[in-house]
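Subject: Structure handover

Hi,

Here is the structure I promised to pass on. Please keep it open while you read my notes.

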Amino acid sequence: MILYYLLITFDIIQISYIKRMIEPRCKNKKKVRRSKLILLELNHNNELCVILFRNKRWNNFVTLGGRVDKLDINFESALIREVKEESFNLIDISDIINIPNRIKYIDFQDNNNNEIVRVYFLLINNELFDDKIYKTNKDILKNTDKYVPKAWKELDDYDKFPIKNILNSYDYRNNEYSKCYTINDEQKSVYIPIIDYINEASRLNIIDDLLKTYSIVKDYVLTNDVSDTFLNGTSTIKIKN
């Protein structure tokens with residue numbers, strides 16, 4: 001009988017030990033919670049710029065993208081959705097998101113939020129991002145009498161920053177944003193994590209690889225929305241490989 005209880009006690013201790021070994025790993029396992037898109041553009045002077053968008057609530061410039069929702073199938077679908085929402089339906093990357101020689105990504109460890117952010121980098125020419133279409137779409141969503149979801153209202157403007165200014169902006173930073181100069185030499189606030197993403201991509205030669213292989217996106221199809229929704233009348237640049 002004593003031997004029986006000893007064996008039972010040993011089994012309980014063994015199971016408890018195994019459970020303790022497994023649980024911390026499951027608890028501490030980090031998942032990708034957000035996906036982002038860094039739009040890199042070569043301008044007329046062959047200067048590399050980053051296109052960023054203003055968050056009107058915080059008056060900081062951020063990149064496109066956001067949290068991966070429960071309804072999103074994967075990181076790609078989350079990013080496709082976010083990019084369309086935050087660019088006023090201007091940009092559709094659904095045809096290019098899985099083309100590795102055109103778009104690259106890094107998984108960035110965000111220690112502040114204890115999460116992993118998947119950050120994509122896309123190199124476009126200076127004609128693809130159309131300012132006129134962007135502003136027209138913006139006006140349509142602003143003046144429509146139909147209900148516009150909140151997700152389509154978070155960003156309200158954009159600007160272009162030479163990448164060299166982004167990489168050298170640490171002297172002007174605080175805990176949340178850094179002062180960076182635009183292509184027009186205007187000083188504006190850029191959200192700190194974006195600077196970290198770009199510095200990490202530079203360290204890993206991701207940006208250089210895009211430039212060296214000349215993986216610049218030029219082709220696109222322009223479509224017009226004719227649905228009976230708040231997007232009626234907006235135009236979309238669907239980027240092609």
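**Salt bridges**

K188 counts as partly exposed, at 23% relative accessibility. In these notes, buried means under 20% relative accessible area, exposed means over 50%, and partly exposed lies in between (1.4 Å probe, protein chains only). The model is a predicted one: local features need pLDDT of at least 70, side-chain atom pairs count only at pLDDT 80 or more, and totals for chains, interfaces and linings use all residues. Residues are numbered from 1 along each chain as its sequence is written, and side-chain values use heavy atoms, with hydrogens and water left out.

K188 has a partner: E186 forms a salt bridge with it, and the closest N and O atoms are 3.9 Å apart. That term needs a side-chain nitrogen of Lys or Arg within 4 Å of a carboxyl oxygen of Asp or Glu. E186 is also partly exposed, with a relative accessible area of 41%. Elsewhere, D69, R81, E82 and E85 belong to one network, joined by salt bridges that share partners.

How many salt bridges does the structure hold? There are 15. The general idea is simple. Side chains of opposite charge can pair when their charged atoms come close.

Look next at E115 and R34. Their side chains meet in a salt bridge of 2.8 Å, N to O. E115 sits in strand β7 and R34 in strand β1, so this pair ties together parts that are 81 residues apart in sequence. Helices (H or I, at least four residues) and strands (E, at least two) are DSSP runs, numbered from the N terminus. E115 is buried, at 5% relative accessible area. R34 is partly exposed, at 25%.

Then find R118 and D107. This salt bridge is 2.7 Å, N to O. R118 is in strand β7 and D107 in strand β6, so the parts tied together are 11 residues apart in sequence. R118 is buried, at 12% relative accessibility. D107 is partly exposed, at 40%.

**Aromatic rings**

A pair of aromatic rings is described by the distance of the centres and the angle of the planes. Rings of Phe, Tyr and Trp (its six-membered ring) pair if their centres lie within 6.5 Å; planes under 30 degrees apart count as stacked, over 60 as edge-to-face and the rest as tilted.

The structure holds 11 aromatic pairs. One of them joins F61 and F161. Their rings are edge-to-face, 5.6 Å centre to centre, with 70° between the planes. F61 lies in strand β3 and F161 in strand β8, so the pair ties together parts that are 100 residues apart in sequence.

F53, F88, F129, Y134 and Y158 form it.

**Pockets**

A grid search at 1 Å over the protein atoms alone finds these: a pocket is an open set of points where a 1.4 Å probe fits, with protein on both sides within 12 Å along at least five of seven lines, and lining residues have an atom within 4 Å of a point. Volume is the space filled by probe spheres set on the points, which are joined across faces, edges and corners.

The largest pocket holds about 1000 Å³ of space. It is lined by 35 residues, and R34, K36, N55, V62 and Y191 lie nearest its centre. Elements giving two or more lining residues include β1 (32–42), β7 (115–125) and α5 (192–203). Which element gives the largest share? That is α5, with five residues. The lining divides into 10 nonpolar, 10 polar and 15 charged residues. Here Ala, Val, Leu, Ile, Met, Phe, Trp, Tyr, Cys and Pro count as nonpolar, Asp, Glu, Lys and Arg as charged, and the others, Gly among them, as polar.

The second largest pocket has a volume of about 180 Å³. Among its lining residues are K56, F88, W152 and D156. Helix α3 (131–143) gives the most to this lining, three residues. The lining of this second pocket has five nonpolar, no polar and five charged residues.

**Cysteines**

A disulfide is a covalent bond between the sulfur atoms of two cysteines. The search asks for a pair of those sulfur atoms within 2.5 Å. Over the whole structure it finds zero disulfides. C49 is buried, at 1% relative accessible area. C180 is buried as well, at 1%.

Best wishes
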